[in-house]
Amino acid sequence: MFKSKFWLSLVLTLPTLVWGHMLQRALHYTAPAFPGAEWIPALFGTAVFAYGGLPFLQGARREIASRLPGMMTLIALAITVAFVFSAAVALGYPGMPLWEELATLVTIMLLGHWLEMRSISQAQGALGELAKLLPSTAVRVLGAGADERLEDVPVDALRNGDVVLVRPGANVPADGVVRVGRSTVNEALLTGESAPVEKADGAKVIAGAINGAGSLRVEVTGTGERTALAGIMRLVAQAQSSRSGAQALADRAAFWLTWVALGSGAITFAAWLIAGASAATAVERLVTVLVIACPHALGLAVPLVLAISTTLGAQSGLLVRDRRGLEEARNLTTVVFDKTGTLTLGEHRVVSMQTDGDLAENDALRLAAAVERDAEHPVARAIVKSAQERSLAIPAATAFESMPGQGVRATVEGRQLAEGGPNLLASLGVTPSAQIQAFADTAAAAGQGVIYLIEGVNALAAFAVADAVRPESAEAVRLLHEAGIEVVMMTGDAQAVADAVARELQIDTVLAQVLPEQKASHIERLQREGKRVAMVGDGVNDAPALVTADVGIAIGAGTDVAVEAGDVVLVRSDPRDVPRIVHLSRASYRKMVQNLWWAAGYNIVAIPLAAGVLAPWGIVLTPAVGAVLMSFSTIIVALNAQLLRRVRL
């Protein structure tokens with residue numbers, strides 16, 4: 001709207017300038033004369049006022065009705081005063097009309113608002129980009145085998161339980177589970193993770209993700225508003241509509257600046273009349289003060305930065321539910337992590353091992369995984385998974401047998417192997433070597449389970465099995481320490497287990513054997529000590545603590561973005577996103593401070609200049625120049641906010 005009004009108002013302004021007195025006097029030319037030519041400035045200036053000035057007049061009416069006069073009120077008052085005075089002169093009142101100033105002022109104000117709206121639209125563009133990820137049609141699979149048929153259907157026609165074909169390079173049309181096929185999927189715009197993710201039978205896929213080279217048949221589990229993408233868009237929109245403390249401060253400053261501008265305008269008008277100036281000169285000074293003092297830059301300084309930071313976070317897998325949480329993150333002194341599923345995987349793995357004799361660690365692990373592959377025990381799955389994560393080739397096992405209460409045994413590569421805990425050692429009469437026994441004692445002291453690989457009466461190796469620390473956790477703790485933030489780990493595990501993890505990650509403080517209902521009280525205790533605390537947890541058992549903390553961060557949301565307890569939701573289960581939040585918060589705050597200083601400092605200089613304090617030295621600003629300066633300050637604030645996009649998270 002501002003764009004179209006700007007271009008038409010510009011066309012209407014040109015004749016006003018050509019036949020007006022100001023340009024003819026400045027350029028020493030005479031405009032073409034014909035009957036009625038003297039009315040061109042008045043007619044075209046009135047048209048610009050009525051057409052281009054209408055949005056400002058309507059905005060002023062809304063501000064006055066809500067008793068919150070602001071930038072629209074100042075602009076409307078300025079152009080109305082210029083119009084009424086010029087119309088009076090045209091009807092016979094002595095003085096010089098301001099048609100050129102009026103038309104130029106409205107046109108420049110429209111241009112400034114167009115650029116402002118464009119900046120805001122670009123800042124909020126992440127929602128549009130997310131929406132584009134979802135295709136409009138899907139390929140539904142009907143039947144199976146030789147009777148299989150494919151049909152193109154609108155995405156909104158999909159229902160849970162439908163099977164869809166996702167071809168190479170296509171976007172996934174709905175949340176679902178892979179039933180047939182293998183491929184890599186790019187989920188970057190959803191999770192911020194640039195590396196393609198392997199997908200095979202049983203893997204979950206997210207609507208909007210981009211399929212790689214393979215084809216997938218996916219059973220639909222969520223469509224429309226129930227998809228992860230829709231949840232992410234809701235959170236982004238919610239964050240952009242939420243208010244922050246900095247925004248409230250800027251709004252109050254803009255409100256008072258409006259009254260300062262009105263008062264300055266009245267004083268300026270009276271002072272010029274008292275000084276003996278003409279009414280036209282006094283009106284021109286009044287209009288210039290009202291225009292140049294418009295708190296556009298002040299009103300844009302904070303919301304534009306917050307809109308950009310919110311979308312920047314969303315593109316990096318950091319979903320801000322409440323902007324106050326993002327704003328507060330810069331002040332954090334302490335971050336409290338829940339252990340299980342946050343700093344650790346929440347799944348058991350082989351965390352260390354010890355072999356006896358010449359057997360290499362990888363050989364011991366692949367033999368152990370072969371023995372355990374057919375077992376269902378969580379420890380068995382931990383050993384098999386650990387071998388798979390090392391990309392070890394697990395050999396086939398035969399004659400598998402489970403020994404309740406002791407372990408399992410099987411034949412692998414012609415070797416009779418058994419695997420189990422201390423009960424199996426006692427049953428078989430096996431005495432581990434001193435090296436393996438020392439390893440087992442150390443692991444047991446750390447609260448880790450110990451599994452032995454046995455051949456005959458010899459213990460070939462021992463494996464310490466525990467909830468494995470995430471590979472990213474150590475870097476997350478290091479980055480928080482570099483940012484000057486204390487790291488606390490809170491867990492319901494035994495003290496020995498917690499201390500072992502804390503030593504590995506160099507965590508400052510450990511709170512162990514904490515019941516879920518006690519977590520919030522520990523957060524309150526830290527706050528009473530004067531600390532600004534963030535709680536990082538899974539958003540379920542940790543909900544009371546997340547709400548109690550100054551900043552609640554729900555980690556490991558995955559495809560479930562409907563976490564209501566946290567201020568910030570992390571799409572990925574990556575603790576390194578926590579220092580990224582702090583970094584984004586501090587960068588956003590710097591931009592807000594820079595913009596507020598510019599917006600406020602500009603008015604401190606601009607209002608006296610517009611009032612004419614330099615008039616004795618021949619320096620006087622016209623309303624049009626005032627509008628240019630006001631728009632220029634707004635553009636500087638917008639451009640400075642856009643520089644936030646260069647922050648690397």
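This briefing covers salt bridges, a helix pair and a surface patch in the structure above.

The model is predicted, so local features need pLDDT of at least 70 and side-chain atom pairs count only at pLDDT 80 or more, while totals for chains, interfaces and linings use all residues. Residues are numbered from 1 along each chain as its sequence is written, and side-chain values use heavy atoms, with hydrogens and water left out. Across the whole structure a search finds 21 salt bridges, a salt bridge being a side-chain nitrogen of Lys or Arg within 4 Å of a carboxyl oxygen of Asp or Glu.

**Salt bridges within helices**

- In helix α19 (residues 473-482), E482 and R478 are four residues apart and therefore separated by about one helical turn, and their salt bridge brings the closest N and O atoms to 2.7 Å.
- E482 counts as exposed at 56% relative accessibility, whereas R478 is partly exposed at 40%; buried means under 20% relative accessible area, exposed over 50%, and partly exposed in between, with a 1.4 Å probe and protein chains only.
- Both of these residues also belong to a network of salt bridges that links E475, R478, E482, D574 and R576.
- In helix α23, D577 and R580 are three residues apart, which separates them by about one helical turn, and in their salt bridge the closest N and O atoms lie 2.3 Å apart; D577 and R580 are both buried.
- Helix α15 holds D363 and R366, three residues or about one turn apart, whose side chains meet in a salt bridge at 3.1 Å from N to O, with D363 partly exposed at a relative accessible area of 32%.

**The pair α15 and α16**

- Helices here are DSSP runs (H or I, at least four residues), numbered from the N terminus; the axes of α15 (residues 361-372) and α16 (residues 378-389) come within 8 Å and cross at roughly 135°.
- The two helices α15 and α16 are therefore oblique to each other, given that angles under 35 degrees count as roughly parallel, over 145 as roughly antiparallel, 65 to 115 as roughly perpendicular and the rest as oblique.

**A nonpolar surface patch**

- V613, L614, W617 and I619 make a nonpolar surface patch of about 410 Å², where patch residues have over 30% relative accessible area and no salt bridge, like charges being joined within 9 Å and nonpolar side chains (Val, Leu, Ile, Met, Phe, Trp, Tyr) within 5 Å.
- One of these residues, I619, lies in the loop between α23 (577-611) and α24 (623-642), and I619 is partly exposed, with a relative accessible area of 42%.

Key. Accessible areas come from the Shrake-Rupley method with a 1.4 Å probe; for residues, only the protein chains shown count as cover. Axes are lines fitted to C-alpha atoms, for helices over the stretch in contact, and angles run from 0 to 180 degrees between N-to-C directions.
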